[in-house]
Amino acid sequence: MNVPKELRYSKEHEWVETLEDNKVRIGITDFAQDQLGDIVFVELPEAGQELAAEESFGSVESVKTVSELYAPVSGKVLEVNSGLEDSPENVNESPYGDGWMIVLEMSDPSELEKLLDASQYEAMVSEED
């Protein structure tokens, strides 16, 4: 299981990469994509949409199930990975790379402190296995 040390993680299996100027890139973790299986469709919000922390912002559909996506932090959607429309398998192949989902401008950067670091996330996932 790949859990990059520089990222933060939500209990709902989203990862958060801190960018410059209160911006973050968000996707689902390697563990989450592995549990879902082959991803066939990704539904994402429109750019400009405001999200509250823990609010659903879309869904991922795999051959097994449909899973909601939850915003780990509050903010405004600046960018959506439109490449996932044609290539949802990027989430399986590169969850921390081409499989990213949205870029948010955070409204409250202190919310990052509530997220898990890599070792906390690994401990949580090992309890779920």
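Colleague: Is E54 buried or exposed?

Modeller: E54 counts as exposed, at 61% relative accessibility, because the cut-off for that class is over 50%. Please keep in mind that this is a predicted model.

Colleague: Where is E54 found?

Modeller: E54 sits in the loop between β5 and β6. Its phi is positive, about 75°, although E54 is not a glycine.

Colleague: What is phi for D21?

Modeller: Phi of D21 is near 55°, a positive value in a residue other than glycine. D21 lies in the loop between β2 and β3, and it is exposed, with a relative accessible area of 58%.

Colleague: How many residues separate β2 and β3 in that hairpin?

Modeller: Four residues lie between β2 and β3, and D21 is in the turn. Strand β2 covers residues 14-18 and strand β3 covers residues 23-28; the two pair in the antiparallel sense over five bridges.

Colleague: Which residues stand opposite each other there?

Modeller: V16 stands opposite I26 in β3, and E17 stands opposite R25 in β3.

Colleague: What is the bridge partner of R25 in β9?

Modeller: In β9, R25 has V103 as its bridge partner. Strand β9 spans residues 102-106, and four bridges join it to β3, with the two strands running antiparallel.

Colleague: In what order do the strands of that open sheet come?

Modeller: The order is β1-β2-β3-β9-β8-β5, six strands in an open sheet with antiparallel pairing. Its edge strands are β1 (8-9) and β5 (50-51), each of which pairs on one side only.

Colleague: Let us change topic. What is the order in the open sheet of three strands?

Modeller: That sheet runs β4-β6-β7, again open, and its pairing is antiparallel. β4 (39-43) and β7 (66-70) are at the edges with a single partner strand each, so one side of each is left without a neighbour in the sheet. From one strand to the next, the twist averages 20°.

Colleague: How many bridges link β4 and β6?

Modeller: Four bridges, with β4 and strand β6 (residues 56-62) paired in the antiparallel sense. I39 has S62 in β6 as its bridge partner, while V42 stands opposite V60 in β6.

Colleague: And how many bridges join β6 to β7?

Modeller: Five bridges join β6 to β7, and the strands run antiparallel. A hairpin of three residues connects β6 to β7.

Colleague: How many residues of β6 are buried?

Modeller: Five of the seven residues of β6 are buried, so this strand is largely enclosed by the rest of the structure.

Colleague: One more topic. Which residues form a nonpolar patch on the surface?

Modeller: The patch consists of V40, F41 and V63, which together have about 290 Å² of accessible area.

Colleague: Which strand holds V40?

Modeller: V40 lies in strand β4.

Colleague: And why does V40 count as partly exposed?

Modeller: The relative accessible area of V40 is 45%.

Methods. Residues numbered from 1 in each chain as written. Predicted model: local features only at pLDDT ≥ 70, side-chain atom pairs only at ≥ 80, totals over all residues. Heavy atoms only, no water. Pairing = 2+ DSSP bridges. Axes fitted to C-alpha atoms, helices over the stretch in contact; angles between N-to-C directions. Buried < 20%, exposed > 50% of the residue type's maximum accessible area, 1.4 Å probe, protein only. Patch = residues over 30% accessible without salt bridge, like charges linked within 9 Å, V, L, I, M, F, W, Y side chains within 5 Å. Areas by Shrake-Rupley, 256 points an atom, 1.4 Å probe, with all protein chains shown as cover. Salt bridge = Lys/Arg side-chain N within 4 Å of Asp/Glu carboxyl O.
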